[in-house]
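Keep the structure open beside you as you read.

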Amino acid sequence: MAETKAAYTHVGPGLPPLYGARAKALILGSFPSPKSREQGFFYGHPQNRFWPLMASLTGEPVPAWQDIEAKKAVILKHGLAVWDTIGACDIRGASDASIRNVEPNDVAALIRKLGVQAVFCNGAASGRIYAKYAEPLTHLPAAWSMDRLRTAWGRELLPFLQGNGCERTDFVL
């Protein structure tokens, strides 16, 4: 039997950015998954590696999947910001590869507003959209193993984490 592809759906707006007054590093995804949109918060699928990675980098406990306040606290306590490069788009399910008819978020305006010093794109789609629509700062691909992500992100995020009270250095080789 032939496999049928899911139909395209126009989805948007996405989620608003999360940031505090001390945010100097911005982590960008592409567009919220159906689970994230359902939950109303970033990286909402229970199997997503983002929250275990952030806990590992910051020394915080891994937030429970449904604990949005704990997730917010990890970002805000450590002077980070999170948003998506895409505000609305046509997409099949959760497939970044299927994204078309992009309406970008004004990431450049957020960067200027916050005085962001580094941008971390969490995936190829967010990197492409960021490179196309916003001024390039820093791009680290997310299609890596957890150990490689932890080392690379740890090395690059270390100055921002230490500036906000994190004492961890064991993830930097």
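This is a predicted model: local features need pLDDT of at least 70, side-chain atom pairs count only at pLDDT 80 or more; totals for chains, interfaces and linings use all residues.

Now pick out L26. Leaving aside neighbours within four places in sequence, L26 is in contact with A81, V82 and W83, with V107, L110 and I111, and with V116, A118, V119 and F120.

From here, turn to the sheet. Its 4 strands are arranged in the order β2-β4-β3-β7, forming an open sheet with mixed pairing. Because β2 and β7 stand at the edges with a single partner strand each, one side of each has no neighbour in the sheet. The strands β3 and β7 run parallel and are joined by 4 bridges. Along this pair, L28 stands opposite C121 in β7. C121 is buried, with a relative accessible area of 0%. As for disulfides, a search of the whole structure finds 0.

Next comes α3, where K71, V74 and I75 are the buried residues. Seen down the axis of α3, they fall within an arc of 90°, so they line one face of the helix. What covers these residues? The cover includes β2 (18-19), α1 (34-39), α2 and β4. After the helix comes G79, whose phi is positive, near 65°.

Finally, look at the charged side chains, where the count comes to 2 salt bridges. In one of them, E60 pairs with K77, with the closest N and O atoms 2.8 Å apart. This pair links distant parts of the chain, since E60 sits in the loop between α2 and α3 while K77 belongs to helix α3, 17 residues apart. K77 is partly exposed, at 45% relative accessibility.

In another salt bridge, the side chains of K72 and E69 meet at 3.6 Å, N to O. Both residues, K72 and E69, lie in helix α3, 3 residues apart, or about one turn of the helix. K72 is partly exposed, with a relative accessible area of 28%, whereas E69 counts as exposed at 55%.

Conventions. Residues are numbered from 1 along each chain as its sequence is written. Side-chain values use heavy atoms; hydrogens and water are left out. Contact means heavy atoms within 4.5 Å. Buried means under 20% relative accessible area, exposed over 50%, partly exposed in between (1.4 Å probe, protein chains only). Helices (H or I, at least four residues) and strands (E, at least two) are DSSP runs, numbered from the N terminus. The arc is that of the directions from the helix axis to the C-beta atoms. Two strands pair if DSSP finds at least two bridges between them. A disulfide is a pair of cysteine sulfur atoms within 2.5 Å. A salt bridge is a side-chain nitrogen of Lys or Arg within 4 Å of a carboxyl oxygen of Asp or Glu.
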